[in-house]
Amino acid sequence: SLPLGGDGRGGGGSWCTCQIGAHRDPPADVCHRQFQAQLGFKLVWCPGEDSAFRRLVLVGDGGELLASGFPGGELPRQSDRRRNWETVKGGRYARACRLAAGEQNSSQADL
């Protein structure tokens, strides 16, 4: 996360891993509520058509898609990838999965 305010130099930021509340708008996760920070990026595992959660996206604080890909090697357990998705489902970070998949309508109800 990046501290809000200031000139953006020095002062560091923090590494936030708790994303409970990230599905709300505005997000109500630890980074935003407790640290009053904005995200540098959020990693989201996307369900895909087969619900295998093979694609990941990096999403900016405003919900913009920063990067997308299919990592190789050993992935986290599918149940962990699914839980990551379920925590952001319905919010701005989940919409990036639709964008990454090339779908034009990023406001569908299941997101």
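Modeller: What follows is a look at the sheet and then at the contacts and residues beyond it.

This is a predicted model, in which local features need pLDDT of at least 70 and side-chain atom pairs count only at pLDDT 80 or more, while totals for chains, interfaces and linings use all residues. Residues are numbered from 1 along each chain as its sequence is written, and side-chain values use heavy atoms, with hydrogens and water left out.

The sheet is open and has 3 strands in the order β3-β4-β5, with antiparallel pairing; helices (H or I, at least four residues) and strands (E, at least two) are DSSP runs numbered from the N terminus, and two strands are paired if DSSP finds at least two bridges between them. The edges are held by β3 and by β5 (65-69), each of which has a single partner strand, so one side of each is left without a neighbour in the sheet. From one strand to the next the twist averages 25 degrees, where axes are lines fitted to C-alpha atoms, for helices over the stretch in contact, and angles run from 0 to 180 degrees between N-to-C directions.

Between β3 and β4 (residues 55-59) the antiparallel pairing runs over 5 bridges, and here Val 44 stands opposite Val 57 in β4. Between β4 and β5 the antiparallel pairing runs over 4 bridges, with Val 59 opposite Leu 65 in β5. The hairpin of β4 and β5 has 5 residues between its strands, and in this hairpin Gly 63 takes a positive phi near 95 degrees.

Lys 42 forms a salt bridge with Asp 29, the closest N and O atoms being 3.9 Å apart, a salt bridge being a side-chain nitrogen of Lys or Arg within 4 Å of a carboxyl oxygen of Asp or Glu. Because Lys 42 lies in strand β3 and Asp 29 in the loop between β1 and α1, the pair ties together parts that are 13 residues apart in sequence. Asp 29 is buried as well, with a relative accessible area of 1%.

Leu 43 also lies in β3, which spans residues 42-46, but this leucine is partly exposed at a relative accessible area of 32%. Together with Trp 15, Phe 41 and Leu 66, Leu 43 makes a nonpolar surface patch of about 460 Å². Patches are made of residues with over 30% relative accessible area and no salt bridge, like charges being joined within 9 Å and nonpolar side chains (Val, Leu, Ile, Met, Phe, Trp, Tyr) within 5 Å; the areas come from the Shrake-Rupley method with a 1.4 Å probe, and for residues only the protein chains shown count as cover.

Cys 46 forms a disulfide with Cys 97, their sulfur atoms 2.0 Å apart, where a disulfide is a pair of cysteine sulfur atoms within 2.5 Å. The pair links distant parts of the chain, with Cys 46 in strand β3 and Cys 97 in helix α3, 51 residues apart. The torsion about the S-S bond is about -80 degrees, so the disulfide is left-handed. Both cysteines are buried, and the structure holds 1 disulfide.

Arg 92 counts as buried at 16% relative accessibility, whereas Asp 25, at 56%, counts as exposed.

Another salt bridge joins Asp 80 to Arg 77, the closest N and O atoms being 3.2 Å apart. Salt bridges that share partners join Arg 77, Asp 80 and Arg 83 into one network. Asp 80 is partly exposed at 27% relative accessibility, and Arg 77 is exposed at 57%.

Finally, Trp 85 has its place in helix α2 and is buried, with a relative accessible area of 6%. Trp 85 and His 23 are 62 residues apart in sequence and 9.6 Å apart in space, C-alpha to C-alpha.

Definitions and conventions:
Buried means under 20% relative accessible area, exposed over 50%, partly exposed in between (1.4 Å probe, protein chains only).
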